[in-house]
Amino acid sequence: MARAGLVWLEQNRDHVNALNVFPVPDGDTGTNMLLTMRSAYARVESSEENHVGRVAAQIAQGALMGARGNSGVILSQIWRGLAAELAGKETFTTIDLAAAFQSAADTAYKGVMRPVEGTILTVIREGAAEAADAARKSEDLRFMLERILERCQQALERTPDQLPILRQAGVVDSGGQGLVYIMEGMMRYAQGKLELNGPATATAVAAAAPAAPLPAQAHAMPEGGSLEFPYDVQFILSGRNLNVLEVRARIDAMGDSTVVVGDESTIKVHVHVSDPGRPLSYGISLGHISDVVVENMQAQMEEIVHAAPPPVPPVITVEPDQVGVVVVASGAGLAGVFRSLGAAVVVNGGQTNNPSTEEIYQALDELPTDKIILLPNNKNIILAAEAARDLSVKQVAVVPSRSAPQGIAALMALDPDKDVAANAAAMTRALGLVHTGEITRATRTVQLNGVEVEQGAIIGLADGRLCCSGPDERAVLDMLLPHLDAAACGIITLYYGADVTMTQAAEAADHIRDRCPHVEVEVIEGGQPHYFYILGAE
């Protein structure tokens with residue numbers, strides 16, 4: 001059932017991602033739930049264990065350690081509650097499963113500090129209620145799963161009525177939708193409508209439906225310095241009566257690193273070749289190709305080889321009796337800023353790249369001190385940070401920073417001579433001393449907070465709230481500054497992203513100085529992906 005839920009979620013991940021309310025590059029809900037489910041199933045994929053309680057416990061542990069983003073953490077709590085009720089049971093009945101669903105709902109609600117209706121929590125709660133009623137009426141698991149799925153779908157459809165922001169964006173809750181897909185996969189498997197052939201993780205599952213491009217695979221470099229097959233080619237082939245084995249053999253003869261998987265109607269193709277036209281022409285001869293990706297790995301490799309080496313970040317040594325700080329940050333520049341201010345460990349992560357509970361836990365575990373402050377620096381990482389804290393035997397305090405500028409303000413309030421509790425209190429107070437501005441590109445068309453946004457437009461956010469949209473970064477910067485009360489600030493720090501040049505950043509800083517002549521403006525290379533600029537206004 002876990003495997004079936006994973007398979008069906010993977011096939012529908014893109015739909016879940018598309019439901020994100022805010023039109024900003026974020027840790028997509030579908031991807032976060034999928035990575036959590038992959039980690040959960042990986043714990044039992046090769047196991048021959050048939051004891052229900054022990055299998056459920058392993059799945060729950062895998063989900064917890066692999067949980068990413070708020071949706072992933074809540075999903076892990078659902079598995080945790082289900083496993084707790086099934087503990088010690090070699091088999092289960094519908095009555096047992098109904099009790100497990102209730103435990104799952106209760107545990108999920110307890111895992112959130114301020115539960116909100118109209119979310120995945122509502123969906124699992126109503127699903128649990130339906131499970132109890134179905135179990136009283138029948139011992140048939142298929143009947144029970146059908147009833148649970150129908151009730152979960154109804155609860156999902158009502159989420160816009162419970163959360164105004166969903167209604168305003170015209171979507172249902174993305175986390176709830178992800179859970180519905182997991183439940184639907186389980187039901188389809190129980191009905192014999194979903195075949196599980198081959199491995200259920202990584203590449204094989206991804207091929208079952210159009211998804212994101214497969215990652216380029218590493219190549220050994222020949223002595224001459226050039227790749228034998230320099231082009232990475234990926235596409236989806238659609239047709240009738242396709243022969244996967246034949247297509248795989250023909251594509252594999254064209255190059256190497258071949259991945260060809262799918263069924264008689266849809267095949268995902270990935271191959272490294274010397275002439276990208278060959279696999280594309282072959283695909284066209286068999287049907288229709290879409291989602292075509294062609295990348296020149298030779299050019300990418302040469303760019304990396306000839307790039308200047310990154311600066312070596314300072315190494316912070318933490319003694320066993322000192323307070324150590326672990327932060328989450330994305331971008332070499334921002335990571336360097338945190339290290340220069342005393343962070344002992346920087347976990348790579350942020351928007352679109354939420355670290356797992358296990359990754360954060362490992363950072364805590366590796367520090368040679370039992371006194372740790374944890375700064376997540378992103379609202380979608382706070383729950384994973386709290387889960388890692390709860391797993392650790394160390395004294396860990398999570399300071400709920402929601403942005404890099406907040407994390408920096410908090411870190412500047414660190415007093416190494418004080419204990420964890422005193423530092424956590426002071427650093428939490430410091431979060432309110434800075435306003436955060438962000439400028440990025442909209443990922444979807446939406447009307448939110450009175451702002452009409454077209455996909456691809458430049459948008460501005462003030463303290464996480466969408467406040468403006470415009471044709472370019474300069475126009476949005478103009479509109480964003482008043483929302484940060486910039487003219488009344490003493491200093492504005494401009495962190496420019498990976499897609500912004502130093503010259504462009506200097507021009508943006510001069511523009512801020514022109515608009516706010518009494519404000520000191522500092523420019524720092526943040527290197528963050530997706531966000532042109534992050535502003536810290538103090």
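In this predicted model, L6 lies in helix α1, which spans residues 2-11, where helices (H or I, at least four residues) and strands (E, at least two) are DSSP runs numbered from the N terminus. L6 counts as buried at 0% relative accessibility, the classes being buried for under 20% relative accessible area, exposed for over 50% and partly exposed in between, with a 1.4 Å probe and protein chains only. The C-alpha atom of L6 is separated by 5.9 Å from that of M37, although these two residues are 31 residues apart along the chain.

Residues are numbered from 1 along each chain as its sequence is written, and side-chain values use heavy atoms, with hydrogens and water left out. Because the model is predicted, local features need pLDDT of at least 70 and side-chain atom pairs count only at pLDDT 80 or more, whereas totals for chains, interfaces and linings use all residues.

The protein chain has 22 helices and 16 strands, and buried residues make up 54% of its 538 residues. Of the contacts in the protein chain with a separation of 6 or more, 69% are accounted for by residues 24 or more positions apart, contact meaning heavy atoms within 4.5 Å.

Helix α6 (residues 94-110) and helix α8 (residues 141-157) have axes that come within 10 Å and cross at roughly 25 degrees; axes are lines fitted to C-alpha atoms, for helices over the stretch in contact, and angles run from 0 to 180 degrees between N-to-C directions. The two helices α6 and α8 are therefore roughly parallel to each other, given that angles under 35 degrees count as roughly parallel, over 145 as roughly antiparallel, 65 to 115 as roughly perpendicular and the rest as oblique. On the α6 side, T94, L97, A98 and F101 meet L141, M144 and I148 in α8. By class, this contact of α6 with α8 has six nonpolar residues, one polar residue and no charged residues, where Ala, Val, Leu, Ile, Met, Phe, Trp, Tyr, Cys and Pro count as nonpolar, Asp, Glu, Lys and Arg as charged, and the others, Gly among them, as polar.

A positive phi occurs at N241, of about 55 degrees, although this residue is not a glycine. N241 lies in the loop between β1 (231-238) and α13 (244-252) and counts as exposed at 67% relative accessibility. D463, likewise not a glycine, has a positive phi of about 50 degrees; D463 is located in the loop between β12 (458-462) and β13 (465-470) and counts as partly exposed, with 45% relative accessibility.
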